[in-house]
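Me: I want to learn how to read pockets and charge pairs in a model. Can you take me through them one at a time?

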Amino acid sequence: ILTASSGYLFGLLPGTATCLFSAAIAASLSFVIGRTLLRGYVERVLARSPKFQSMDRAIEKEGFKLMLLLRLSPLFPFALSNYLYGASS
């Protein structure tokens, strides 16, 4: 909804540029927060989860391919995936 509204408010090309720039900044910030500030907490909480441990191993082994496939999936929110990548090995 926000992507469509940026195209409506700013026009097609400026709206697309604004949306892509904002998404890149938000993804970068989520990753940095997950990697630095919240890493210890997230590792402690998720260390008890066997599913996270298997996902961590998969990201470590096939990170780029897994990240690309998760980006194409509408079922996994971008912000959550960025925190997951930040907390992974």
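**Pocket, then charge pair**

Reply: Start with the volume. In this predicted model, the largest pocket holds about 150 Å³ of space.

Me: Which residues line the largest pocket?

Reply: Ala23, Ala26, Ala27, Ser30, Arg71, Phe78, Ala79 and Asn82. Keep them in view for the next two steps.

Me: Which helices each supply at least two residues of that lining?

Reply: Helices α2, residues 12-35, and α5, residues 78-87. The most comes from α2, which gives four residues.

Me: Now the charges. How many salt bridges does the structure hold?

Reply: The general idea comes before the count. Side chains of opposite charge can pair when their charged atoms come close. This structure holds one salt bridge. Glu62 pairs with Lys65, and their closest N and O atoms are 3.7 Å apart. The cut-off for a salt bridge is 4 Å.

Me: Where do Glu62 and Lys65 sit in helix α4 relative to each other?

Reply: Helix α4 spans residues 50-72. Glu62 and Lys65 are three residues apart in α4, so about one helical turn separates them.

Me: What is the relative accessibility of Glu62, and what is that of Lys65?

Reply: Read each value against the cut-offs: buried is under 20%, exposed is over 50%, and partly exposed is in between. Glu62 has 38% relative accessibility, so Glu62 counts as partly exposed. Lys65 has 49%, so Lys65 also counts as partly exposed.

Notes
Residues are numbered from 1 along each chain as its sequence is written. This is a predicted model: local features need pLDDT of at least 70, side-chain atom pairs count only at pLDDT 80 or more; totals for chains, interfaces and linings use all residues. Side-chain values use heavy atoms; hydrogens and water are left out. On a 1 Å grid over the protein atoms alone, a cavity is a set of points where a 1.4 Å probe fits but cannot get out, and a pocket is an open set with protein on both sides within 12 Å along at least five of seven lines; lining residues have an atom within 4 Å of a point. Grid points are joined across faces, edges and corners, and a volume is the space filled by probe spheres set on the points. A salt bridge is a side-chain nitrogen of Lys or Arg within 4 Å of a carboxyl oxygen of Asp or Glu. Buried means under 20% relative accessible area, exposed over 50%, partly exposed in between (1.4 Å probe, protein chains only).
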